[in-house]
Amino acid sequence: MTDTTTDDTTRDDVDALRERVEALFPALQADLEDLVRVPSVSAAAFDQAHVEASAEAVAALLRDAGLPEVQILRSARPDGTPGAPAVVARRPAPAGAPAVLLYAHHDVQPPGEGWTTDPFQPVQVGERLYGRGAADDKAGIAAHVGALRALGGLAAAGDETPVGVTVFVEGEEESGSPSFHQFLTDHRELLRADVIVVADSTNWKVGTPALTTSLRGLVDGVVEVEVLEHAGHSGMFGGPVLDANVQLARLLATLHDEAGNVAVEGLAVAPEPEVDYDEAQFRADATVLDGLALAGEGTIAGRLWTKPALSVIGIDAVSVAHASNTIAPRSRAKLSLRLAPGQDPAAADRALADHLAAHAPAGARVTWTRWEAGKPFLAPGDTAAMRAARAAFTAAWGTEPVDIGVGGSIPFIADLLEVFPDAAILVTGVEDPDSRAHGADESVHLGELRKVVLAEALLLRRVAEGL
């Protein structure tokens, strides 16, 4: 990579790109709002025609951005069914030039409850645009489109950027990317790149960019406790028999110690991060209720990024409105176990299964069924691509980026590393702690989106100049 020192020529380039981004941004925001209006929920219970419509809309945007080759493709899932539509758009690299793969996804989480506005009708309040997918991850699509438009505008004046670009916009990330690995295998040559930019993470805060250098892995699944062959009258049989809901609750209570640390033996813990995450800031970012004690020991950043976390994310039980005087014969809970960098998902799954078996209520039938598994990610300490990204971020924000971990998981990054072992992977994003991805009132900060677009355009320039 070239030296990151900013000389007069570079400052002129930054200013020219910044002006270009400002000029194109109103149209880009309108395009993002149109994408948000498409309820492209990839979960099987929702109408998949919307996911198809979303793919078509993304393909149209990438054609408009000047990419000459645009296709909607899909590969088979492990069960043999067709995967969701993915958009692949390319401008092949000139002879001898490097190539960059830009990733985002166009599917979204279900809308959920608690919204103050219609989740699929974008609403701007101040500098924030609200709507499902406005941040995760249709803003990532907007970032790629905006960067390409900015560079295309300059190229029209004869300032061609000598770098190949492929944009890969997946359609089932929010459903676990079941066809992702097969898609990479089927289209390996189409997607091959020297640098891969995954625009599906977060920045440190509004005004401070970040590079995500570690991600926790994931194991999730369902534990079921069964105590009766069928439901029984709670008056006639209650007392000698504890219902399955209580037995499940007692089992779930063994998953953490008194301090709130995960109590499953055999799980890895990575070294403490160097970045300090202030407790008061975390409480504000996570909207923790006043007075609630935080779980676990060690630094906040360590508990978030380099230690395992285990959550009960769903319970099957009779609702209060439909309750009757019966002893529940069986009860189920879905568990989500986040894994520290360096943890093997298969070993973590065995450790969790062993814990549940060892702490099962005496005589109860306890079964553990694993659903998803994903490897954690730990970036190399310092690479030419990372230096180029840091320089681009510094120029766009006017402040140096922070290297952060993220407690969430992007399991498909392990697939990218497996299929493209020589590529440099950069995990970036448009979100900030107020974005509420996956929650009610999801939003993107439009000022930050402007900076992300500029930074990505500058990064493409830097890759062209020095890789």
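Author: Asp-64 is exposed in this predicted model, because its relative accessible area is 54% and the cut-off for exposed is over 50%. Its partner is Arg-149. Arg-149 counts as buried, because its relative accessibility is 13% and buried means under 20%. The two side chains meet in a salt bridge, 2.8 Å from N to O. The pair links distant parts of the chain. Asp-64 lies in helix α2 (residues 49-64), and Arg-149 lies in helix α3 (residues 138-155). They are 85 residues apart.

Next, take Arg-450 and Glu-22. Their side chains also form a salt bridge, at 3.6 Å from N to O. This pair joins distant parts of the chain too, 428 residues apart. Arg-450 sits in helix α13 (residues 446-466), while Glu-22 sits in helix α1 (residues 8-36). Arg-450 is partly exposed at 23% relative accessibility. Glu-22 is partly exposed as well, with a relative accessible area of 41%.

Glu-279 and Arg-283 both lie in helix α8 (residues 279-286). They are four residues apart, about one turn of the helix. Their closest N and O atoms are 3.1 Å apart in a salt bridge. Glu-279 is partly exposed, at 38% relative accessible area. Arg-283 is partly exposed, at 22%.

Salt bridges can also join up. Glu-226, Glu-229, Arg-330 and Arg-365 are linked in a network of them. The structure holds 20 salt bridges.

Key:
Residues are numbered from 1 along each chain as its sequence is written. This is a predicted model: local features need pLDDT of at least 70, side-chain atom pairs count only at pLDDT 80 or more; totals for chains, interfaces and linings use all residues. Side-chain values use heavy atoms; hydrogens and water are left out. A salt bridge is a side-chain nitrogen of Lys or Arg within 4 Å of a carboxyl oxygen of Asp or Glu. Helices (H or I, at least four residues) and strands (E, at least two) are DSSP runs, numbered from the N terminus. Buried means under 20% relative accessible area, exposed over 50%, partly exposed in between (1.4 Å probe, protein chains only).
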